[in-house]
Amino acid sequence: FRYLYYMATAKFWIFDARQPKFLRKRNKVAYIQTWHGTPLKKLALDMDTVYMAGEESIDAYKEEFRKNALTWDYLISQNPFSTEVFRRAFDYSGLMLEVGYPRNDVLFRYNNETDIRRIKKELSLPPDKKIMLYAPTWRDDESFGLGRYHYSNALCMDDMYNAFGNDYILILKYHYLVEDNTDWSKYNGFVKVYNQSVDIASLYLVSDMLITDYSSIIFEYILLNRPMYFYAYDLKLFADDDRGFYENYEEYVPGQVVLNMDELMDAVKSEDRYENIRLSFKNAAYRYTDGKSTERFMELLS
């Protein structure tokens with residue numbers, strides 16, 4: 001009831017994803033859709049198939065998305081490529097604020113030794129170990145209920161623990177749609193899982209590297225210029241039969257693409273050779289990301 005009260009009385013709605021279709025926006029409400037990430041996977045009206053739970057067909061999904069986007073008064077983008085894709089994929093004709101994502105400002109403000117030590121202490125992480133962040137995306141075809149998805153346990157934790165358990169902590173961050181009840185206690189604190197109350201930006205800041213797959217979080221983590229490894233064990237399936245990409249995945253991502261556990265562990269153990277690629281990627285993608293996006297956003301709204 002509290003949620004519905006605030007939705008019914010707020011002057012501003014600020015969200016980074018679609019809201020339930022039962023909500024009705026009052027005329028005096030300004031709805032700011034911030035979205036999240038630069039598009040890597042195909043979005044909305046650009047998708048050819050849909051496997052997401054609760055969606056009857058691709059046509060119905062697209063029509064519902066189109067209706068939802070009509071309620072947005074402002075849409076934030078962080079570069080011209082995103083603006084172009086959002087306009088088409090969301091069928092959005094409203095006001096586009098190409099100012100960068102305010103959520104990423106913290107990656108500039110707190111990327112220093114003092115704040116990183118503080119965040120590690122708040123998260124009960126040991127100060128003397130390096131941190132791996134494993135943050136895979138969800139799979140459209142692995143649902144078990146409306147808006148609920150299984151965790152694809154493709155990372156062999158036994159191998160990771162045996163190889164890195166002495167020097168590292170591995171943070172496993174599920175996508176917010178993913179549910180999993182795995183008991184990781186046998187790994188003696190090597191695996192840490194944080195729930196949705198922990199801002200993923202904090203996990204970016206404390207980690208020394210990122211292991212992911214097709215998640216748009218690469219467009220946030222790149223701002224820290226730290227090693228990224230792309231564990232794309234189901235690349236062909238994802239590219240051909242599931243969601244698909246806007247770019248050639250293996251040529252586009254700013255880091256090493258690995259297809260199995262042996263390749264992943266060898267990559268983590270080897271010297272990072274992708275710093276120049278990351279810097280080139282960052283310069284191309286982030287015209288407006290400099291830690292001042294919130295300031296620009298507020299100026300436009302005032």
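What share of the contacts in the chain with a separation of 6 or more comes from residues 24 or more positions apart? The share is 63%, where a contact means heavy atoms within 4.5 Å.

Before we look around, a word on the model. It is a predicted one, in which local features need pLDDT of at least 70 and side-chain atom pairs count only at pLDDT 80 or more, while totals for chains, interfaces and linings use all residues. Residues are numbered from 1 along each chain as its sequence is written, and side-chain values use heavy atoms, with hydrogens and water left out.

The chain holds 13 helices and 13 strands; these are DSSP runs numbered from the N terminus, with helices (H or I) of at least four residues and strands (E) of at least two. Of the 302 residues, 50% are buried. Here buried means under 20% relative accessible area, exposed means over 50%, and partly exposed lies in between (1.4 Å probe, protein chains only).

Let us begin with the aromatic rings. Rings of Phe, Tyr and Trp (its six-membered ring) pair if their centres lie within 6.5 Å; planes under 30 degrees apart count as stacked, over 60 as edge-to-face and the rest as tilted. By this rule there are 17 aromatic pairs. One of them joins Trp13 and Tyr31 edge-to-face, with 5.5 Å from centre to centre and 70° between the planes. Because Trp13 belongs to strand 1 (residues 12-15) and Tyr31 to strand 2 (residues 30-33), the pair ties together parts that are 18 residues apart in sequence. Ring pairs also link Trp35, Phe65, Trp72, Phe86, Phe90 and Tyr92 into a cluster.

Some of the residues in this account are set out below with their relative accessible areas.

| Residue | Relative accessible area | Class |
|---|---|---|
| Trp13 | 5% | buried |
| Tyr31 | 1% | buried |
| Gln33 | 0% | buried |
| Trp35 | 8% | buried |
| Asp91 | 38% | partly exposed |

Gln33 is found in strand 2. Leaving aside residues up to four places away in sequence, Gln33 touches Phe15, Asp16, Ala17, Arg18, Trp72, Tyr74, Leu75 and Ile76.

Trp35, a member of the ring cluster, sits in the loop between strand 2 and helix 2. Although Trp35 is not a glycine, its phi is positive, at about 50°. Asp91 is another residue other than glycine with a positive phi, near 50°, and its place is the loop between helix 3 and strand 4.

Helix 3 (residues 80-89) has Ser82, Thr83, Val85, Phe86 and Ala89 as buried residues. They pack against strand 3 (74-77) and strand 4 (95-98).

Finally, there is the second largest pocket, with a volume of about 210 Å³. On a 1 Å grid over the protein atoms alone, a pocket is an open set of points where a 1.4 Å probe fits, with protein on both sides within 12 Å along at least five of seven lines; lining residues have an atom within 4 Å of a point. Grid points are joined across faces, edges and corners, and the volume is the space filled by probe spheres set on the points. Among the lining residues are Trp13 and Tyr31, together with Gln19, Pro20, Lys21 and Glu64. Helix 2 (residues 58-69) gives the most to this lining, with 3 residues.
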